[in-house]
Amino acid sequence: MNLEANPIYTVLSGPVGIGGLGWLSKARGLEAATPAALSVKEIMHPAELNGFTVLDITPGSIKVNLVSCPKGYVAPEYLTLTSASQFEIG
C-alpha cells in the first residue's frame with residue numbers, strides 16, 4: 001500500500017524503563033529497530049532512552065520534542081535534559 005499522498009506519522013514512546021535489563025528488548029536479547037517489512041522515512045533511529053515527549057499541538061501542526069535524560073542515576077541538582085530530536089508534523 002502506497003501512502004505517500006497521505007502519509008502516516010507516528011511518534012512511539014515505549015514503557016517507562018530503567019535502563020540495562022529493565023528495557024524489555026535487552027531482557028530478550030534484542031535491540032530497538034524498525035520492522036524490516038516497513039518502508040519508512042526515519043526521523044530518529046529507534047533508541048532506548050529514559051526521557052519524555054513534549055507535544056505542542058495547534059490547529060495547523062504538531063511540534064514534537066523528544067527529550068532524553070542522562071544514563072544512570074544523576075542527583076537532581078545535576079540533572080540536565082537533552083533534546084534527542086525535534087520535528088514538526090503538518
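L79 is partly exposed, with a relative accessible area of 44%; buried means under 20%, exposed over 50%, and partly exposed in between (1.4 Å probe, protein chains only). The model is predicted: local features need pLDDT of at least 70, side-chain atom pairs count only at pLDDT 80 or more, and totals for chains, interfaces and linings use all residues. Residues are numbered from 1 along each chain as its sequence is written, and side-chain values use heavy atoms, with hydrogens and water left out.

**Sheet**
- An open sheet of 3 strands has the order β1-β2-β3 with antiparallel pairing; strands are DSSP runs (E, at least two residues) numbered from the N terminus, and two strands pair if DSSP finds at least two bridges between them.
- β1 (51-57) and β3 (82-89) are the edge strands, each pairing on one side only.
- From one strand to the next, the twist averages 15°, with axes fitted as lines to C-alpha atoms and angles running from 0 to 180 degrees between N-to-C directions.

**Hairpin**
- β1 and β2 form a hairpin with 4 residues between them.
- β1 is joined to the antiparallel strand β2 (residues 62-68) by 7 bridges.
- Opposite V54 stands N65 in β2, while D56 stands opposite K63 in β2.

**Nonpolar patch**
- F52, V54, L79 and L81 make a nonpolar surface patch of about 340 Å².
- Patch residues have over 30% relative accessible area and no salt bridge, with nonpolar side chains joined within 5 Å; areas come from the Shrake-Rupley method with a 1.4 Å probe, and a salt bridge is a side-chain nitrogen of Lys or Arg within 4 Å of a carboxyl oxygen of Asp or Glu.
- L79 lies in the loop between β2 and β3.

Methods
Patch = residues over 30% accessible without salt bridge, like charges linked within 9 Å, V, L, I, M, F, W, Y side chains within 5 Å.
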